[in-house]
Amino acid sequence: MTEDKDKNQDEDIDLKALSDQELVEQMWDDLYDGLQEPILEGTNILLERKWLPYDVLTKALIEGMRIVGIDFRDGILFVPEVLMSAGAMKAGMAILKPLLAETGAPSLGKIVIGTVKGDIHDIGKNLVSMMLEGAGFEIIDLGVNVSVETYLEALEKHQPDILGMSALLTTTMPYMKVVIDTLKEKNLRDDYIVLVGGAPLNEEFGKAVGADSYCRDAAVAVETAKDFMKRKHNIKAGAGKASAS
Ligand code: B1M
């Protein structure tokens with residue numbers, strides 16, 4: 001009964017009549033309730049109002065998901081509900097993806113990315129991939145629950161510049177070390193720039209597992225990847241000069 005009432009209330013809301021702030025707050029509620037349609041509509045309205053795709057993503061969708069995360073942690077929301085929220089978030093992200101990827105710039109480099117074994121969280125990883133793609137990187141997305149064997153196969157097949165790993169659980173983040181240690185054992189570690197990210201990680205952890213860098217969020221991932229590619233090109237250019245002289 002209460003659910004029907006809430007649904008009717010939501011149906012009655014004319015999203016177009018809301019101010020930007022009211023609309024964003026309504027979208028947080030709709031994301032919380034896992035409602036895809038209003039998220040699609042709200043995303044489109046903000047874009048029509050000339051919001052930058054990145055602002056829609058961060059201020060409406062990511063912030064909404066942060067709120068979901070708090071109630072998930074506190075046992076107010078449960079897995080099926082959070083899956084609905086994730087579905088709504090992905091629907092909004094699908095609209096933004098081509099806009100964030102509109103660049104036309106030549107490829108800045110190739111990146112193999114995936115969420116580590118045991119972990120099925122992919123929203124953050126997808127977001128990072130979208131933003132990197134938007135910045136001009138070529139992305140090979142291995143999906144979720146990626147084993148060390150799968151990472152190695154992909155590295156061999158695609159010969160990327162960067163390996164990106166995501167983990168959202170404290171129980172799965174140590175797997176990043178398994179992957180990096182395996183690269184070391186096989187003498188492959190120096191062939192790739194390794195970037196890691198995910199909510200439970202931090203800079204210290206990145207260093208401890210032997211990654212080149214920890215990326216706090218998607219924007220930092222883009223800047224870090226660009227930065228490492230610049231350094232890589234400088235090293236190559238330097239080596240060229242040295243051998244020429
Ligand atoms: Co999960 N979950 N979940 N979950 N879930 C968390 C992570 C949790 C913090 C919730 C909580 O308790 N507050 C908690 C982890 C606790 C811990 O380990 N410390 C948790 C738990 C416990 C679980 C289960 C174990 C629950 C259960 O079954 N009892 C289970 C585990 C399943 C598994 O993986 N084996 C589980 C399941 C799920 C769902 C399936 C329901 C769903 C995932 C759906 C999906 O991804 N398709 C889900 C969700 C949605 C969440 C929360 C609510 C949201 C995660 C998210 O998408 N955030 C999350 C709570 C939270 O984080 N607030 C939670 C939005 C996203 C944009 O941010 O992923 O951090 P984030 O990505 C950021 C940065 O971290 C960074 O950039 C991104 C964009 O800015 N980044 C990278 C991420 N990856 C990167 C890679 C890079 C660079 C940067 O590479 C270069």
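This report walks through a few strands, a surface patch and some charged pairs in the structure above. The model is a predicted one, so please read every value as computed from it.

**A covered strand**

Strand β1 has two partners to look for. One is strand β2 (residues 137–141), which pairs with β1 in the parallel sense over five bridges; here Lys-110 has Glu-138 in β2 as its bridge partner. The other is strand β3 (residues 162–166), also parallel to β1 and joined to it by five bridges. On that side, Gly-114 stands opposite Met-165 in β3.

Now find Thr-115, which belongs to strand β1. Is this residue buried or exposed? Thr-115 counts as buried because its relative accessibility is 0%, and the cut-off for buried is under 20%. Its side chain reaches the backbone oxygen of His-121 at 3.0 Å. Beyond its neighbours within four places in sequence, Thr-115 touches several residues, including Asp-122, Lys-125, Val-144, Tyr-151 and Ser-166.

**Towards the surface**

Phe-72, Val-79 and Leu-83 make a nonpolar surface patch of about 290 Å². Leu-83 sits in helix α5 (residues 79–101), and its relative accessibility of 58% makes it exposed.

Asp-33 is partly exposed, at 41% relative accessibility. Along the chain, Asp-33 and Leu-77 are 44 residues apart, while their C-alpha atoms are separated by 10.0 Å.

**Charged pairs**

Side chains of opposite charge can pair when their charged atoms come close. The structure holds twelve salt bridges.

| Salt bridge | N to O distance |
|---|---|
| Lys-59 and Asp-55 | 3.9 Å |
| Glu-63 and Arg-66 | 2.8 Å |
| Arg-231 and Asp-227 | 3.2 Å |

Where do Lys-59 and Asp-55 lie? Both are in helix α4 (residues 53–73), four residues apart, about one turn of the helix. Lys-59 is partly exposed at 45% relative accessibility, and Asp-55 is partly exposed at 23%.

Glu-63 and Arg-66 are also in helix α4; because they are three residues apart there, about one helical turn separates them. Glu-63 has a relative accessible area of 22% and Arg-66 one of 47%.

In helix α10 (residues 218–244), Arg-231 and Asp-227 are four residues apart, about one turn of the helix. Arg-231 is partly exposed at 44%, and Asp-227 is partly exposed at 33%.

Technical notes. Residues numbered from 1 in each chain as written. Predicted model: local features only at pLDDT ≥ 70, side-chain atom pairs only at ≥ 80, totals over all residues. Heavy atoms only, no water. Pairing = 2+ DSSP bridges. Helix = DSSP H or I, 4+ residues; strand = E, 2+ residues; numbered from the N terminus. Buried < 20%, exposed > 50% of the residue type's maximum accessible area, 1.4 Å probe, protein only. Polar contact = N/O pair within 3.5 Å; in protein donor to acceptor, adjacent residues only side chain to side chain. Contact = heavy atoms within 4.5 Å. Patch = residues over 30% accessible without salt bridge, like charges linked within 9 Å, V, L, I, M, F, W, Y side chains within 5 Å. Areas by Shrake-Rupley, 256 points an atom, 1.4 Å probe, with all protein chains shown as cover. Salt bridge = Lys/Arg side-chain N within 4 Å of Asp/Glu carboxyl O.
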